[in-house]
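Hi everyone, thanks for coming. Please have a look at the model on the screen, and then I'll walk you through it.

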Amino acid sequence: MEEIVDKAYEDIKTMKVRGALDIAISAAETLKKVVFSDSEDTQELLQKLKSSGERLKSARPTAVSLPNAVDYILHLAGKNSGLGLKDFRGKLSESIDGFIEEQNQALKKIAEIGSHLVEDRDVILTHCNSDTVDMLLKRAWDDGKRFEVFCTETRPRYQGHITARELSSHGIPTTLVVDSAVHLLMKEMKVDKVVVGADTVYANGDMINKIGTSQIALCAKEMDVDFIVATESLKLCPQSLLGSKREIEYRDPSEIISPDKLPGVKILNPAFDITNADYITVFVTEFGVIPPEAVYHLLREKFGWELKL
Ligand code: RUB
């Protein structure tokens with residue numbers, strides 16, 4: 001059992017599994033495996049689920065989808081802790097399947113809703129790689145919209161290459177640019193919309209996404225370009241209602257350059273940044289298109305169970 005959890009932890013930490021939605025689903029799948037690990041009784045299994053969940057949560061600190069997925073599953077486990085081992089396993093594994101299915105449905109719904117925001121001849125800019133954004137753009141293309149997309153390469157891990165490959169192989173005209181080309185591009189290529197994903201969305205409508213996102217939002221604001229965030233409600237941060245700290249992951253400097261190549265130079269590698277709500281036009285969620293001011297209400301509705309803890 002420990003090996004399964006260790007492997008999932010490593011895969012998330014080393015970004016073999018990456019993207020806020022995928023890491024949440026991977027944690028859920030791992031906990032489902034723990035549900036069927038050797039245990040004497042429900043209480044013992046509950047403890048294993050709790051310790052495995054804590055370990056998985058610590059793999060990456062920024063995307064709230066990860067702790068949300070784990071906390072939700074542990075909440076369900078706690079609710080069913082009065083059941084005998086067999087029933088507990090059956091009930092919890094079914095609920096985990098339900099949770100994963102819900103996320104897949106949310107992804108599809110966002111694509112369906114977000115497709116309406118894309119117009120013919122749009123020039124769209126995206127950053128990093130978001131499954132949610134990819135799905136939305138592919139859906140818009142399948143719905144007959146004809147547009148083009150610029151992808152930033154997204155230093156230092158180049159997730160933009162994944163996006164460019166995905167969209168281009170779907171037939172969408174796609175251009176890759178360096179991250180620092182954004183300001184120029186908005187003017188010269190007349191970008192109509194920025195569409196990005198999210199790792200964490202706060203009660204006040206601020207959001208965290210890949211490093212560089214907030215700079216793009218600043219440019220978009222200056223150029224009067226719509227800044228659209230496609231996000232499942234799983235990325236809403238319930239703790240933000242209680243004033244939680246915002247944690248930005250700093251990754252190993254060697255992802256940027258081998259430190260021996262620059263002796264004496266400190267290298268910083270922040271993986272995410274915070275975009276202020278004022279710079280966001282709308283969020284596209286599975287519940288519809290909402291302005292940043294409406295995030296608070298969605299959060300309260302969705303995470304009622306969490307806030308009672
Ligand atoms: C990925 C990233 C993505 C969000 C949303 O960062 O910032 O934009 O996670 O992705 P990393 P999705 O590559 O460091 O994980 O829509 O797939 O959840």
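So, in which loop is the place of Arg121? Arg121 sits in the loop between helix 5 (85-115) and strand 1 (123-126), where helices (H or I, at least four residues) and strands (E, at least two) are DSSP runs, numbered from the N terminus. Its phi is near 70°, a positive value in a residue other than glycine.

A quick word on ground rules. This is a predicted model, where local features need pLDDT of at least 70 and side-chain atom pairs count only at pLDDT 80 or more, while totals for chains, interfaces and linings use all residues. Residues are numbered from 1 along each chain as its sequence is written, and side-chain values use heavy atoms, with hydrogens and water left out.

Here is another backbone detail: Arg155 and Pro156 are joined by a cis peptide bond, with omega about 0°. Pro156 belongs to the loop between strand 2 (148-152) and helix 7 (159-169).

Now, the ligand. Domain 1 (2-106) and domain 2 (110-307) both give residues to the shell around the ligand, so it lies between them; those bounds come from an automatic or database domain assignment. Let's go through the polar contacts, meaning pairs of N or O atoms within 3.5 Å. A side-chain N or O atom of Arg18 is 2.5 Å from a ligand oxygen atom. For Lys235, a polar side-chain atom lies 2.7 Å from an oxygen atom of the ligand. Leu21 uses a backbone N or O atom instead, 2.8 Å from a ligand oxygen atom. The protein covers 99% of the 460 Å² of accessible area that the ligand has on its own, by the Shrake-Rupley method with a 1.4 Å probe.

How values were computed: A polar contact is a pair of N or O atoms within 3.5 Å; within protein, one must be able to donate a hydrogen and the other to accept it, and residues adjacent in sequence count only if both atoms are side-chain atoms.
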